[in-house]
Amino acid sequence: MDNHYFQPEIETMRRADLEALQIKRLKESIRIARQSPFYKARLGESGITPDSIRTLDDLRKIPFTTKNDLRTHYPFGLVAAPMDQVVRLHSSSGTTGNPTVICHSQHDLDQWANRVARCLYMVGLRDKDVFQNTSGYGMFTGGLGFQYGAEKLGALTVPAAAGNTIRQIKFIRDFGTTAIHAIPSYVFRLYEVMKEMGIDPRTDTRLTTLIIGAEPHTNAQRRKIEEALGVRAYNCFGMSEMSGPGVAFECPEQNGLHLWEDCYILEIIDPETLEPVPDGEIGEMVLTTLDRDAMPLLRYRTRDLTRILPGDCPCGRTHRRIDRLKGRSDDMFIVKGVNIFPMQIEKILMQFKELGANYLITIDTFNNNDEVLVEVELSDLFTDDYSQLQGLTREITRQLKDEILLTPKIKLVDKGALPQSSGKAVRVKDLRKNK
Amino acid sequence: MTIKQLSVFLENKSGRLNEVLDILGKADIRIIAATVADTSEYGILRLITSDTARAYQVLKEHCVSAQQNDVIALTCDSMAGVFAAQLSAFAQEGLSIEYMYCFSIRDKAFLILRTSGSARIDEVAHKYGLHIITEKELQQL
């Protein structure tokens, strides 16, 4: 048996078989969902029953489920199983109204742990590994989600939880930690403190693998982490509504995240028209759970933007890959009929070493014409040469035009002139009268 | 021999030049020569100051984009025809002048310029009898 795969029969399943499995499980999910008050009403109205599904395209008959649905039916309106079969719940922070609650049966927890174990195995972890999890434990799914998954794999799992960097480093050294799950900014913090303590992670620790996610980061940042710590770092995607970590994960190819299609149906839609977009194009990810008893979610609008990477992955897994996240669909704006996402612009700007990290996109109407102004801060590498500055502006304009298909106006500004990139900085100002 | 000039990025907004000069003034940095070039979107302020390295630091602390760079300072008599004679040296040697600014004090003129031939400037100065002055000399004016 090939030892690259945790579940070879599932991970390399022929597409036709995988799709047949999806149809079978979708019917079952609809049957279960209809036992919740929310879906009983919602699916009842639109007349959706398991028999409505003959092909995967029939999925599109089902209405979308939104975060707002979860909030307005807080806490248990979407629970389909009898409450005595519900063994755990996780909840989001609920900073803007009711929190969202996701309930799990024992089956759900087992399957979730299995998915996470599959992901960790995929990036090379085995039972001999020591896995240190720096996620917050508690309501946040990154704690218990990775804990149970790594235990399922058989790794020695250290629930270090968040914070106390000195203690984290002591654990890494004393327990011989080989793998860490952390958000990228915390990895840099760990590295800085190790340096201050005179510890070289490349020679003084057994670290080989980093799992990084939950925070947007670029491929360049990943390479920096790999270089500094002497590890391979893998991007992961999960969200509490889809149980938590283990929804999609990079394989050793580090080129896109395999989304486990035996457990989820993946759709990418245009957030305006709600129609599917072709493979390779950016849109909002919509997910349907296929293996959840207590609280199935059908066509859940994640608000996360990504695209399907077309083509087969050399690793042999048949589950399709999504690109790293491109931002939130709420941030999308439309100019002259073109959907534009701030991440598309950010991606281009970040390639210029002459530019800093902060930018601001303003859309306004001039002479009945919608125009995009991109203000971007200079980095320290300011040049005294006019032709270079003008060349820089021209090159930014050219590359942005290739990406967003219209010509923006570029304005270079001083470092510090724009809102900082950390936190929830406003990146887009839409000043148009008639949006 | 070259001297240090400070180039400052200026956003095109009212009061920005004043802000930058104010930062330098409060840091007790004297401005010996200054010029502003502008386009519709931004300007570049070029300065010779009493302490270029410190001026650069101070501006950096205030998040002003700036750069220290090398230019050439010449001095000559402030008399009819002398300016032309000075520049003819560059023309004869095929060196281009990217930009230049000048000032005069009594009977002396001072030229700050950037040329494609910085590397050869000592040789050219010797050949044509140009008088290059040092940063220190300039700062003592």
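This report walks through a helix pair, a sheet, a chain contact and a domain pair in a predicted model.

## Before we start

Residues are numbered from 1 along each chain as its sequence is written, while chains are lettered from A and ligands numbered from 1 in the order in which they are written. Because the model is predicted, local features need pLDDT of at least 70 and side-chain atom pairs count only at pLDDT 80 or more, whereas totals for chains, interfaces and linings use all residues.

## Two packed helices in chain A

Let's begin with helix α5 (residues 106-122) and helix α6 (residues 141-153) of chain A, whose axes lie 7 Å apart at an angle of about 70°. Here, helices (H or I, at least four residues) and strands (E, at least two) are DSSP runs, numbered from the N terminus. Axes are lines fitted to C-alpha atoms, for helices over the stretch in contact, and angles run from 0 to 180 degrees between N-to-C directions. α5(A) and α6(A) are therefore roughly perpendicular to each other (65 to 115 degrees).

Among the residues making this contact are W112(A) and L120(A) of α5(A), and F146(A) and Y148(A) of α6(A). Contact means that the C-beta atoms of two residues, placed from the backbone, lie within 7 Å. The contact residues divide into 11 nonpolar, 3 polar and 1 charged. In this scheme Ala, Val, Leu, Ile, Met, Phe, Trp, Tyr, Cys and Pro count as nonpolar, Asp, Glu, Lys and Arg as charged, and the others, Gly among them, as polar.

Now look for the open sheet of 4 strands in chain A, in the order β19-β18-β17-β20, with mixed pairing. Its edge strands, β19 (409-413) and β20 (428-430) of chain A, each pair on one side only. Strands pair if DSSP finds at least two bridges between them. From one strand to the next, the twist averages 20°.

Strand β18 (residues 369-378) of chain A runs parallel to β19(A), over 5 bridges. L373(A) has K409(A) as its bridge partner in β19(A). Helix α11 (residues 342-349) of chain A packs on the sheet and touches β17 (355-366), β18 and β20 of chain A.

## Where chain A meets chain B

In this meeting, 12 residues of chain A are in contact with 12 residues of chain B. β19(A) gives the largest share of chain A's side, 3 residues. That side has 6 nonpolar, 2 polar and 4 charged residues.

## Two domains in chain B

Chain B is assigned domain 1 (3-69) and domain 2 (71-139), with bounds from an automatic or database domain assignment. Their centres, taken over C-alpha atoms, are 23 Å apart.

How values were computed:
Angles under 35 degrees count as roughly parallel, over 145 as roughly antiparallel, 65 to 115 as roughly perpendicular and the rest as oblique.
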